[in-house]
Amino acid sequence: MCQDPTRRALILTALATGACIASSRSSLAEEDLPGSSERPQKADVLVFAEGDRAGEVIKPQDLQAGGPPVRAWPKDPKTSVVRKGSRLNEVLVVKLDPAELDEETRSRAAGGVVAYSAICVHTGCPITAWVKAAGGDKDVFKCVCHNSEYDPRRSAEVIFGPAPRRLPALPLAPDDGPLTVAATFVGKVGAQQAR
Amino acid sequence: MALKQWLLSVLLASTCLVPIAAAGPIENYSPVTAERLKNPEPGNWMHYRRTYDGQGYSPLDQINTSNVKSLVPVWTFSTGVVEGHEAPPIINNGVMFVATPEGQVIALNAKTGDEYWRYKRRLPEDLFQLHPTNRGVGLWEDKLYLATTDDHVVALDAKTGKVVWDTKVQDYKKGQYLTLMPLVVDGKVIVGGSGGELGVRGYVVAYDANTGKELWRTFTIPGTGETGNDTWKGDDWKTGGGSAWMTGNYDPDTKTIYWGTGNAAPWPGDTHPGDNLYTSSVLALDPDSGKMKTYFQYHQNDSWDWDEVDAPMLVDLQRDGRTIKSLIHPGRNAIFWVLERKPDSIKYVAGWPFVHTDVWKGIEPESGKPIVDPAHKPIIGKRVEFCPSLWGGKDWPSAAYSQKTGLVYIPANENFCGGFTGEKVPLVAGQLWLGTKPEDIGLTPRPGATHFGELQAWDPATGKKAWSHNFPKSQLFGSVTATAGDLIFVGGTNDRMFRAFHAKTGELLWEQKTNSGIVGMPIAYEVDGTQYIAVQSGWGVDAQRIQDALVGKVPGLENNVPQGGVVWVFAVKK
C-alpha cells in the first residue's frame, strides 16, 4: 500500500498524523461516493469536466477536429458516479486526423479521437496548453509549469522538456457513440517519486 | 472515522514516513543553541546564509586567491533525484545535512562523504509541484526542520533522521506549499508560504521547535479592519498573493526578523488596484509574537510578478559620513536598495537600477517609492512589454556581502525583457492563476545584447560598480557566496561550471565543470583544520524555464543542461 496509496488513504494518513481533522471532513464525504476516486474503468463514458456542458457525455461529433482538447472526467454508467474524486482521473480528449496517428495510437482511438491523462508525469501539474511544438508546426499538449510537450499523435511521446516518459493513454472503444473507455490507463498516472 | 480506517492510517503513517537508509546514527552530535546560532563558529554553516544577517560571507581564508587554482574535488555524492537543487549544504561540526527536491534530507560525514542516514518524504501522488525544490534545513538543539512541498513542516532527529513531529501548515490541494529553509530563532521554527501563482494570501508562521505547535501566524496582507487593508479594493486582499517563500534574516540586537514578500496576484496591476500592502515588501516582525513592527514596500501595485522575497542583508554601512544600520537588497524590480533599519521604521537611503529597466522613471527621494512608466505596466486586454523580464534583475538567488572588501556581489541578469497580455481569469482553487495565459509569457533578449548573466560587484556606500563579469551565452541563476579568502563562488550558468572570482578585481581564478547546472548556494566550512567549499549541482525550476524560453532566440545557446543532483566538495590539493 505504501507503494501506491490511494488519495483516500493519504487523507486518512494526514488525519492520523494529527493534521486538520475538521477541514478535511467535507472532502472525505465527497470522496466516499463509491468509485469516485478509482481510476477510469472499462465501459466508463467520458463527460465534459468544465464549461456550459460540464457533466454531459461527450460524443465524437462534439469535438472540433484538430483540437483544442477538452478536459473530461470518466463516469461509471451503472452508478452515474463521475470519477472526479481524484485529480489524477482527469483526461484530455482531442480529435485528430486519423491519418496522422501512428499505429499504436490509432489502436487506442475512437476514429481520430484520442484520450490521455491530463496530469504531467514530470511534477504532476495539469496540462493546460495546446500550442505549436517547440520544434515543429503541429499543435501539441504542453505543460506550462516546466514546458514539457507531448505529441498526442504518437502515444503522447515527450518531444520537449523534462518529462521522463509518455503520458498514460486511455484507450477508447472504436465505436461511433458516446466516448467509452476500452481499458484502464496505459502506464501510471501522475509524477513518480524517485525511490 | 471507523476504527479500521484509523488503524489503517496509523499503519500508513508509520510505514511511509521513516528514513530510507540507516547507515548509522550520528555520534557526538553538537546540539544547536541560541548562542551558537547567534555567533556561529567560523567553520560552520548553520543558517541559510551562514549568519542571521544574511550576508553569505564566510570568515574562512585557508582557501584564498593565492591557492584557489589548486582546488580539487575531494568527494561527491549523488542525491538520486532531478530538478532544482537550491539548498546550501548545512554544516554543524563535521556533519552535513543536504536537502533536495522531493522532500529528501541526507546526513553525511562532511569530511568523508559517508552517509549517516537519509530521510525521504512520501509525497502525495496527486500533488503538483510548480517549484519542485527545497532550500535547506534549519537546526535547533538535536533536531532539524524541513519545509515540504505538500505544505508540512517536519522535525527530524538530527542523529537518526527519524520524524519527531510533523505539522500540516495549510492545504496543498489549494495551491499552498513550502520550499524555503526554516528560520530558527530562540526555539521557534519560522516559515513562510509559497503559492503566489495560485491565489493565496501570504503568511509567516512560527512553530514551537520541540512540539510543532503553532505559536503565531502573521498574514502578509492585512485583513478587514487592519492597517493597510484599505490599500486593496473589495475582496482582492483575500487572494492577493504576498507569498513569503524565502528565509528571513534576523537582528538579535533589536529582536527583529526581516522577511521579504512576494508579488501581488494575479499579475496585471489593474486586477487588484491600490498599493497592495504588504506585497513586494520587507516586513519587520517580532519573533515572539509575529507582530509587525514596520515595513518597507519596494514597489506598489506589483504587476510584473516581481517577488521581493529574498530578505535584505543586514550590514553596518559607512555612508555619508556615518554608520548606517542598513538593509541592502538588490531587487527583482531591478533597483539596488539601501535602506536604514530603525526600531519603528525602515527609511529609504538610496536606490539605483543595477540592470537596464524601462519600468521606472525614478524614485521619490523622501518616500523611496519608485515612479512607474505606465507604458510598461501590464494591464488587462493589452500586450505590455517590460524590462527586466518577470524573473527580474535578480530573482531569489542570493547576493553576498564581503566584510573584507565592503562590496555586494549580485547574480544579476541583464538584457532580458518580458511581456504578457493581461486577462481576467476566474480563480479555481489549486490551479494556476496568473492573469494571463501561461503560454503567452515572453522572454526576449534586448536587441544588440552582448551578454545576459552578469556577476556584479557594487560598493553600497557610493553606488558605484566595482567590477562585473559577463556571460555572453547564459543567464546567471545561482546564489553567490563570499569568503575572507577574497573569493566569490558562484555557479548559475548553463555550461555547468562552478567558478571562483577574485573579490577585489573580478578576475576569474578557477572553474570546474560539474554534472549539471548549479542553482544551489555554495558554502565554505572547516573540519579538522581543513577548509572545504561545497555546492549542490542540479539544474531545474526557473533556471530551466529561462533556458527553455531562450531556445531559438540566442544563437549558440547551450541547450543541453542535464538534470540530476550531486553534492560536490572541494579542497586545496595538498
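The hairpin of β37(B) and β38(B) has two residues between its strands, and Asp528(B) there takes a positive phi near 50°. Strands here are DSSP runs of E with at least two residues, helices are runs of H or I with at least four residues, and both are numbered from the N terminus. This is a predicted model: local features need pLDDT of at least 70, side-chain atom pairs count only at pLDDT 80 or more, and totals for chains, interfaces and linings use all residues. Residues are numbered from 1 along each chain as its sequence is written, while chains are lettered from A and ligands numbered from 1 in the order in which they are written.

**Around β38 of chain B**

Two strands pair if DSSP finds at least two bridges between them. Strand β37 (residues 523-527) of chain B pairs with β38(B) in the antiparallel sense, over five bridges. Val527(B) stands opposite Thr530(B) in β38(B). β38(B) also pairs with strand β39 (residues 566-572) of chain B, again antiparallel and over five bridges. There, Gln536(B) stands opposite Val567(B).

Is a residue buried or exposed? Buried means that 20 or more other C-beta atoms lie within 10 Å of its own; exposed means 12 or fewer, and partly exposed is in between, with C-beta atoms placed from the backbone. Seven of the eight residues of β38 (residues 530-537) of chain B are buried, so this strand is largely enclosed by the rest of the structure.

**Around β7 of chain B**

Strand β6 (residues 104-109) of chain B runs antiparallel to β7(B), and five bridges join them. Gln104(B) has Lys120(B) in β7(B) as its bridge partner. Their hairpin has five residues between the strands, and Gly113(B) takes a positive phi near 80°. Five of the six residues of β7 (residues 115-120) of chain B are buried, so β7(B) is largely enclosed by the rest of the structure.

Arg122(B) lies in the loop between β7 and β8 (138-140) of chain B. Arg122(B) is buried, with 20 other C-beta atoms within 10 Å. Its C-alpha atom is separated by 23 Å from that of Ser537(B), 415 residues apart along the chain.

**An open sheet**

Three strands of chain B form an open sheet in the order β26-β29-β30, with antiparallel pairing. β26 (383-386) and β30 (442-445) stand at the edges with a single partner strand each, so one side of each is left without a neighbour in the sheet. β29 (residues 416-421) and β30(B) pair over four bridges. In that pairing, Cys417(B) has Thr444(B) as its bridge partner.

Here are the pairings with their bridge counts.

| Strand pair | Bridges |
|---|---|
| β37(B) and β38(B) | five |
| β38(B) and β39(B) | five |
| β6(B) and β7(B) | five |
| β29(B) and β30(B) | four |

**Nonpolar cores**

A nonpolar core is a set of buried Ala, Val, Leu, Ile, Met, Phe, Trp, Tyr and Cys residues joined through C-beta atoms within 7 Å. The largest has 207 residues, and those touching the most other members include Val93(A), Phe97(B) and Val137(B). Apart from it lies another core, of eight residues, among them Trp267(B) and Leu432(B).

**Chain A**

Chain A has three helices and eight strands. Its pattern along the sequence is α-α-β-β-β-α-β-β-β-β-β. Buried residues make up 46% of its 195 residues.
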